[in-house]
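Subject: Structure for your review

Dear colleague,

Please find below the structure that I am handing over to you. I would be grateful if you could read the notes that follow with the structure open beside them.

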Amino acid sequence: MKVPDKNPLEQQNNDINDVTLYRKKKKKAKLIRNLVILLVIVAAAVPVWIYRDTIFEPLRGIASRIQTTTDETAGYPISLTGRSDYSFCAMNDSFALLSDTYLYSYNENGGQNFALQHGYVHPMAVSNSKRVVIYDKGGHDFSLFNRTSEIYKGNIEDEVIVSVFLSSSEHTAVVTSGGRYSNVIYVYDGSGKWLYTQRFIDDNVMQVAFSDDNRYLYVTRVTSDNGDIVTKLSKYDISGDGTELWSQTVSDCVSLSLGLSGNVITVTGDSMAATYNTDSGELIGNYSYPGTVEDFDTSSSLKVFVFDDYTDDGKKIVLLSDKCEMTASVAVPADVKQIKVSGNNIFVMTESDITRYDSTLEQVKKTLLADSYSDFITVGGSILLMGYDAVDSISL
């Protein structure tokens, strides 16, 4: 028997269905492919965004990269020619030296990145992990640098610069005096763009600190209250209209330093230290000094002080918590020159040695010094020492 042929209309419908199914599969495959490509792009973009500061840092200031040097050799000791009062500026993997005529930048191996003749009359410097600002105290000019380049130059006319403060990133606060105000604070971003101004009629600004996100500004200033000298600590929102969010008063105290760590801000004064909550301004704790404060480092959660308590021939190191409670103390020789905190380590320099302590003031290592030094910083895995005519290096 002859099998009948398929209905032509049915055959046509089957062909249409096959084409439709093919197009759906092709469209689905294209959609999946585009989705995979998008996910790959996002996966690559996320770490680039997270580490953008590190990735693009070599490009910052590339057009103004400073090519001049005074020394082609690398290594330690680094000779300090034409001896003057040098300032040490520590960064993560590099450091800067500021003299009365030059700003020098070095890598951690002692190789010179650049030597810039700055022309400032009274040069001063401040640094963070990646930037250094130099300014002419009593003058009008300031400049921001990374380890190889000048990022920008700034100038404030008709007022003189009193001090400059640098955030943990690139924001800069320049404190001036002159005109109708006792002090004025100007805030600039990392490209030198003006962002904010705060003026004070009678108060004298002592220190300025930025929040980690550069949204808030913390200011200590000295003023008179019924004839008594007091320190005022205030928080300002510089991302909006500059509103003062809260203010606290520290009686019978002159502020020497302002340190920010997490949500705790520490006012270190000449007679006491006090900590406050950065959000509310609430007092967390305070500590009255048992003697004359010789040196201190309160820039982190480890708040370390050297006191002369007049009880013996030596001195005492005291470690405070964020609540300003003493958590440890240790006796040290009377010739302590300097104390600094680096990570979880505390370094104490005397005339003859540098001693490393852990975060509980337990001694970890003592290194004898072959020469006399006036200052030291930690860079990478080394301690750099400022001598009379050279910079030396010893291992941590």
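The notes below go through the findings by topic.

Please keep in mind throughout that this is a predicted model.

Aromatic rings

The structure holds 14 aromatic pairs. In one of them, the ring centres of tyrosine 102 and tyrosine 104 lie 5.4 Å apart with the planes at 20°, so this pair is stacked; the cut-off for stacking is an angle under 30 degrees. The two tyrosines may also be described by their accessibility. Tyrosine 104 has a relative accessible area of 10% and is therefore buried, whereas tyrosine 102, at 22%, counts as partly exposed. Both residues belong to a cluster in which ring pairs link Phe88, Phe95, Tyr102, Tyr104 and Tyr106.

Two lysines are also placed over rings. Lysine 235 lies over the face of tyrosine 216, at 4.1 Å from the ring centre. Lysine 340 has its charged end over the ring of phenylalanine 376, 5.1 Å from the centre of that ring.

Backbone features

Most peptide bonds are trans, and most residues other than glycine have a negative phi. Tyrosine 76 and proline 77 are joined by a cis peptide bond, with omega at about 0°. Proline 77 itself is in the loop between helix H2 (52-56) and strand E1 (78-79).

Asparagine 214 has a positive phi, near 60°, and is not a glycine. This asparagine 214 is located in the loop between strand E14 (204-210) and strand E15 (216-225). Aspartate 252 is not a glycine either, and has a positive phi of about 50°; its loop runs between strand E17 (244-251) and strand E18 (255-261). Which of the categories, buried or exposed, applies to asparagine 214? Asparagine 214 has a relative accessibility of 13% and therefore counts as buried. Aspartate 252, in contrast, counts as exposed because its relative accessibility is 58%, and the cut-off for that category is over 50%.

Strands of a sheet pair through backbone hydrogen bonds, either parallel or antiparallel. Here, an open sheet of four strands has the order E14-E15-E16-E17, and the pairing is antiparallel. E14 and E17 stand at the edges with a single partner strand each, so one side of each has no neighbour in the sheet. On average, neighbouring strands of this sheet are turned by 20° against each other, direction ignored. Within the sheet, E15 and strand E16 (residues 228-237) run antiparallel and are joined by 10 bridges. Threonine 223 stands opposite valine 230 in E16.

The surroundings of arginine 356

Arginine 356 is in strand E28 (residues 353-357). With a relative accessibility of 23%, arginine 356 counts as partly exposed. What does arginine 356 contact, leaving aside its neighbours within four places in sequence? Its contacts are Asn345, Ile346, Phe347, Glu362, Gln363, Val364, Lys365 and Leu396. With asparagine 345, the side chain of arginine 356 makes a polar contact of 3.2 Å to the side chain. Leucine 396 is 40 residues away from arginine 356 in sequence, yet the C-alpha atoms of the two residues are 8.4 Å apart in space.

Yours sincerely,
A colleague

Technical notes:
Residues numbered from 1 in each chain as written. Predicted model: local features only at pLDDT ≥ 70, side-chain atom pairs only at ≥ 80, totals over all residues. Heavy atoms only, no water. Phe/Tyr/Trp six-rings, centres within 6.5 Å; stacked < 30°, edge-to-face > 60°. Buried < 20%, exposed > 50% of the residue type's maximum accessible area, 1.4 Å probe, protein only. Lys NZ or Arg CZ within 6 Å of the ring centre and 35° of its normal. Helix = DSSP H or I, 4+ residues; strand = E, 2+ residues; numbered from the N terminus. Contact = heavy atoms within 4.5 Å. Polar contact = N/O pair within 3.5 Å; in protein donor to acceptor, adjacent residues only side chain to side chain. Pairing = 2+ DSSP bridges. Axes fitted to C-alpha atoms, helices over the stretch in contact; angles between N-to-C directions.
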